[in-house]
Amino acid sequence: MGWPLRMFQEEGYYFVTSRCFQGRLLLRPSAEVNEVVGGVLARAVQQSAGTVRLFAFTFASNHFHLLVWARGTALADFMQYLRANLSKKVGRLVDWSGSFWERRYSAEPVLDDTALVGRLRYVLAHGVKEGLVERSSEWPGLTCLPQLLGPARRLFQWFNWTKRWSKRGREGMEAVQGRYAQEWAEPVELEVAPLPCWEGLEVEERQGLVRGLVEQVEAEAQTRGTPVMGARAVRSQHPHTRPEHRKRSPRPLGHASSRRALEELRELYRVFVAAFREAAARWRLGDFSAPFPLFSFPPRVVPGRVAQIL
């Protein structure tokens, strides 16, 4: 069974999730992992040149969530860069050389302001809702919470391995320091933008709204009365650990505060899929001029093939 077709918008908001291979704890928090992840994420946003805007993020031990705005298919390039660099650079840190990601990422449209705030609340709830920590601020992994409650910009280190390989070629391997040496570290700034529905508010007002969401999350967790693992136990887990039981739930088509908005999205997706399949059928017959829907990924034309006359 193939993957569902991915439908991008001319511009829109997305809730993005990517999970580690077999649910292993390859992103298990540590000071080194957090620094590398922050640098890669900041570099990915920088490389997007304004076509991707970041509102929220959280990195769990075996998956991560992002809340973003993206133009057209820019999110595909952004995620390819982000996931490829995380797999290489975090993989080295945790001594993992196999597949890093379980499957392709999900990118679910977020259709209105209420749904955007709901997705932000979901991001801030990580660690607390799973019973890993008692408070959101105690999660030891990389999260946007400090930037939402303090300065929106934060500096990380991007380890420039291209520079390292270049020097290794000129001076020999014995003269080159390790992959995470300060010689290859370049400062890169990561900025978290305010939700569009909060842009007109003062900084203190936005921070108050974030605190309110966090308080709701923590109050709900306390009513369950379940034991908490704690940040120290989270950090002590081996990154190669494969969970015995994993939660699996169907991915929603999108997020909205009304049923009607979701029904409209479902109809748009149905039309998109029908148009793509019709164009693909013509392409298979050799008609390479068949129009595919905007912001989709048509098959590549095979060099040397000539279209048949229909």
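Predicted model: local features only at pLDDT ≥ 70, side-chain atom pairs only at ≥ 80, totals over all residues.
**Two helices side by side**

Let's start with H1, which covers residues 31-47, and H2, which covers residues 74-93. Their axes sit 9 Å apart, and the packing angle is about 160 degrees. Since angles over 145 degrees count as roughly antiparallel, that makes H1 roughly antiparallel to H2. The crossing is right-handed.

Who makes the contact? On the H1 side you'll find Glu-32, Val-33, Val-36, Val-37, Val-40, Leu-41, Arg-43, Ala-44, Val-45 and Gln-47. H2 answers with Phe-78, Tyr-81, Leu-82, Asn-85, Leu-86, Lys-89, Val-90 and Leu-93.

**Two positive phi values**

Most residues other than glycine have a negative phi. Two spots in this chain go the other way. Gln-22 has phi near 60 degrees, and Gln-22 belongs to the loop that runs between strand S1 (11-19) and H1. With a relative accessible area of 18%, Gln-22 is buried, because the cut-off for that label is under 20%. Phe-295 also has a positive phi, near 60 degrees, and is found in the segment after helix H8 (259-284). At a relative accessible area of 29%, Phe-295 is partly exposed.

**Aromatic pairs**

The count of aromatic pairs comes to 14. Two of them are set out here, using the distance of the centres and the angle of the planes.

| Pair | Centre to centre | Angle between planes | Geometry |
|---|---|---|---|
| Phe-15 and Tyr-122 | 5.8 Å | 90 degrees | edge-to-face |
| Phe-64 and Trp-101 | 5.6 Å | 80 degrees | edge-to-face |

Phe-15 is buried, with 3% relative accessible area, whereas Tyr-122 is partly exposed at 30%.

What does the pair of Phe-64 and Trp-101 tie together? Phe-64 lies in strand S3 (residues 63-71) and Trp-101 in the loop between H2 and strand S4 (106-110), so the pair joins parts that are 37 residues apart in sequence. Phe-64 is buried at 0% relative accessibility, and Trp-101 is buried with 12%. Both rings also belong to one aromatic cluster, made up of Phe-57, Phe-59, Phe-64, Phe-100 and Trp-101.

Notes: Residues numbered from 1 in each chain as written. Heavy atoms only, no water. Axes fitted to C-alpha atoms, helices over the stretch in contact; angles between N-to-C directions. Helix = DSSP H or I, 4+ residues; strand = E, 2+ residues; numbered from the N terminus. Parallel < 35°, antiparallel > 145°, perpendicular 65-115°, else oblique. Left-handed = near helix turned anticlockwise from the far one by under 90°. Contact = heavy atoms within 4.5 Å. Buried < 20%, exposed > 50% of the residue type's maximum accessible area, 1.4 Å probe, protein only. Phe/Tyr/Trp six-rings, centres within 6.5 Å; stacked < 30°, edge-to-face > 60°.
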